Amino acid sequence: MPENKFNYFEVVTSYIVKAKNKSEAEKIILGRRGAKGEVITSKTNIDRISAVEVREMIEV
């Protein structure tokens with residue numbers, strides 16, 4: 001199978017946030033001013049994926 005002309009990567013970042021509710025947690029992650037809480041940690045996973053996998057993700 002020939003190498004794809006373009007390389008694709010799936011980037012997923014997970015956060016652990018201390019907040020009083022889900023709405024506040026979303027505001028913290030989006031960087032909104034006035035949100036009460038803090039990001040405790042974040043982890044980013046980057047995986048190379050094929051063009052076929054990308055097409056399947058787009059179609060869903």
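A: Let us begin with exposure: a residue is called buried under 20% relative accessible area, exposed over 50%, and partly exposed in between, using a 1.4 Å probe and protein chains only. Lysine 27, with a relative accessible area of 30%, is therefore partly exposed. This is a predicted model, in which local features need pLDDT of at least 70 and side-chain atom pairs count only at pLDDT 80 or more, while totals for chains, interfaces and linings use all residues. Residues are numbered from 1 along each chain as its sequence is written, and side-chain values use heavy atoms, with hydrogens and water left out.

Q: Which residues of helix H1 are buried?

A: Helices (H or I, at least four residues) and strands (E, at least two) are DSSP runs, numbered from the N terminus. Helix H1 spans residues 22–30, and its buried residues are Glu24, Ala25 and Ile28. These three lie on the same side of H1 because they cover an arc of only 100 degrees around the axis, the arc being that of the directions from the helix axis to the C-beta atoms. The general idea is that an α-helix has 3.6 residues a turn, so residues three or four places apart point the same way.

Q: What does the face of H1 turned away from its buried side carry, and what covers the buried residues?

A: The face turned away carries the exposed residues Lys22 and Leu30. Cover for the buried residues includes strand E1 (8–19) and strand E2 (37–49). Such cover is read from contacts, where contact means heavy atoms within 4.5 Å.

Q: What is found at the start of H1 and just after H1?

A: At the start, a polar contact is the feature to look for: a pair of N or O atoms within 3.5 Å, of which, within protein, one must be able to donate a hydrogen and the other to accept it, and residues adjacent in sequence count only if both atoms are side-chain atoms. Here a side-chain oxygen of asparagine 21 comes to within 3.2 Å of the backbone nitrogen of serine 23. Just after H1, glycine 31 has a positive phi of about 75 degrees.

Q: How many salt bridges does the structure hold?

A: A salt bridge is a side-chain nitrogen of Lys or Arg within 4 Å of a carboxyl oxygen of Asp or Glu. The structure holds one. Glutamate 24 forms a salt bridge with lysine 27, and the closest N and O atoms are 3.5 Å apart. Both residues lie in helix H1, three residues apart, which is about one turn of the helix.

Q: Is glutamate 24 buried or exposed, and which residues does glutamate 24 touch?

A: Glutamate 24 has a relative accessible area of 11% and therefore counts as buried. Not counting residues up to four places away in sequence, glutamate 24 touches Ala19, Ala35 and Lys36.

Q: Where is the place of glycine 34?

A: Glycine 34 is in the loop between H1 and E2. At 68% relative accessibility, glycine 34 counts as exposed. Its C-alpha atom is separated by 9.5 Å from that of glutamate 24, 10 residues apart along the chain.

Q: Which residues does serine 42 touch, not counting residues up to four places away in sequence?

A: Serine 42 lies in strand E2 and touches Thr13, Ser14 and Tyr15. The C-alpha atoms of serine 42 and tyrosine 15 are separated by 4.3 Å, although 27 residues apart along the chain. At 43% relative accessibility, serine 42 is partly exposed.

Q: Where does isoleucine 46 lie, and which residues is isoleucine 46 in contact with, leaving aside its neighbours within four places in sequence?

A: Isoleucine 46 also belongs to strand E2, and its contacts are Phe9, Glu10 and Val11. Isoleucine 46 and valine 11 are 35 residues apart in sequence and 4.6 Å apart in space, C-alpha to C-alpha. Isoleucine 46 is exposed, at 54% relative accessibility.
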